[in-house]
Amino acid sequence: MRLISKVVPLAALYLGLSFSALAMASEETRLLESINSYRSQAQPCGGQASAELPPLASDPRLLMPVSNTTDLQQAMTRASYPMVTVQAITLSGPRDAAAAMQAIQESFCQVVLDPQFVDIGISRENRDWRIVLARPLLTSRLRDWQSEGQALLSFINTARGQARQCGTQSFEAAQPLTWNTSLAGAAESHSRAMANNNFFDHKGRNGDTPGDRAELAGYLAQQIGENIAAGQDNARKVVDGWLASPGHCATLMSPAYRELGAAYAADPKSDAGIYWTAMFGAPSGNGGE
């Protein structure tokens with residue numbers, strides 16, 4: 001499969017809030033959910049089909065007043081959001097999230113389906129909306145790809161240790177995965193290919209599939225799965241994004257898999273900057289190591 005604050009209010013603080021203000025916040029949340037659902041499936045846009053994309057993370061630094069006409073890059077600097085790129089969508093007229101989503105699909109599909117964006121902020125004033133999408137600079141100090149791959153394994157195993165719902169599918173807690181160097185090498189190769197060739201897809205530029213790459217690395221498999229991500233600057237964000245996406249979550253939680261190899265690769269010239277691959281395997285015979 002292809003392949004982000006909760007406030008617990010004191011009641012007294014809410015006595016002065018109007019119902020309409022609470023409804024607005026709810027509509028903004030609904031719009032974010034609609035956008036991420038839209039991104040999670042291939043969509044026709046601009047005469048071609050988009051890739052299946054990971055969810056955008058809500059970042060409060062991207063909440064910009066709708067009436068604010070300040071230069072967007074200057075606003076990002078003042079908000080202490082170091083970025084590579086940013087773009088804003090302004091809508092006037094939609095009464096609710098459903099109407100706003102329809103307008104986005106009709107006029108701004110290429111923006112919300114751009115794989116380089118990682119974070120989002122949605123602001124609303126009556127029927128005026130401002131949706132800000134951005135990709136931050138890589139601010140984490142990443143270790144080598146093997147170490148970060150092992151960090152992915154740790155976060156994935158923590159997630160597998162709890163029963164959870166992935167979209168409409170329910171999963172019991174699953175046994176932890178073990179590290180496999182062959183799968184890790186295949187994951188690093190695909191992450192590097194995506195970063196250096198500036199694409200985001202399970203199929204390689206030469207047409208190879210996850211199964212092909214595992215076989216080439218010497219991994220004999222009963223079953224292979226793959227999750228990919230782009231733009232997130234640490235392993236925890238990657239796994240959080242996968243858990244928020246039903247398809248990625250289902251792959252991550254599947255009890256069929258026994259082993260994992262994972263890696264990242266970065267290239268500042270690429271759209272997303274950093275690309276991650278996790279390869280899940282169920283070995284056939286002695287096809288593990």
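Contact here means heavy atoms within 4.5 Å, and helices (H or I, at least four residues) are DSSP runs numbered from the N terminus. The model is predicted: local features need pLDDT of at least 70 and side-chain atom pairs count only at pLDDT 80 or more, while totals for chains, interfaces and linings use all residues. Residues are numbered from 1 along each chain as its sequence is written, and side-chain values use heavy atoms, with hydrogens and water left out.

**Helix packing**

Two packed helices are described by the angle between their axes and the distance between the axes. Axes are lines fitted to C-alpha atoms, for helices over the stretch in contact, and angles run from 0 to 180 degrees between N-to-C directions.

| Helix pair | Angle | Axis distance |
|---|---|---|
| H5 (residues 145–160) and H8 (residues 235–243) | about 40° | 9 Å |
| H8 and H9 (residues 246–253) | roughly 105° | within 6 Å |

H8 is therefore roughly perpendicular to H9 (65 to 115 degrees). In this contact, Val239, Trp242 and Leu243 of H8 meet His248, Cys249 and Leu252 of H9. The residues involved comprise 5 nonpolar, 1 polar and no charged, where Ala, Val, Leu, Ile, Met, Phe, Trp, Tyr, Cys and Pro count as nonpolar, Asp, Glu, Lys and Arg as charged, and the others, Gly among them, as polar.

On the H5 side, the contact is formed by Glu148, Ala151, Leu152, Phe155, Ile156 and Ala159, and on the H8 side by Ala235, Arg236, Val238, Val239, Trp242 and Leu243. By class, this contact has 10 nonpolar, no polar and 2 charged residues.

**Pocket and cavity**

On a 1 Å grid over the protein atoms alone, a cavity is a set of points where a 1.4 Å probe fits but cannot get out, whereas a pocket is an open set with protein on both sides within 12 Å along at least five of seven lines; lining residues have an atom within 4 Å of a point. The second largest pocket has a volume of about 380 Å³, a volume being the space filled by probe spheres set on the points. Its lining has 16 residues, with Gln48, Ser50, Ala51, Leu113 and Pro115 nearest the centre.

The largest cavity holds about 40 Å³ of space. Its lining includes Arg39, Pro115 and Gln232.

Conventions:
Helices (H or I, at least four residues) and strands (E, at least two) are DSSP runs, numbered from the N terminus. Angles under 35 degrees count as roughly parallel, over 145 as roughly antiparallel, 65 to 115 as roughly perpendicular and the rest as oblique.
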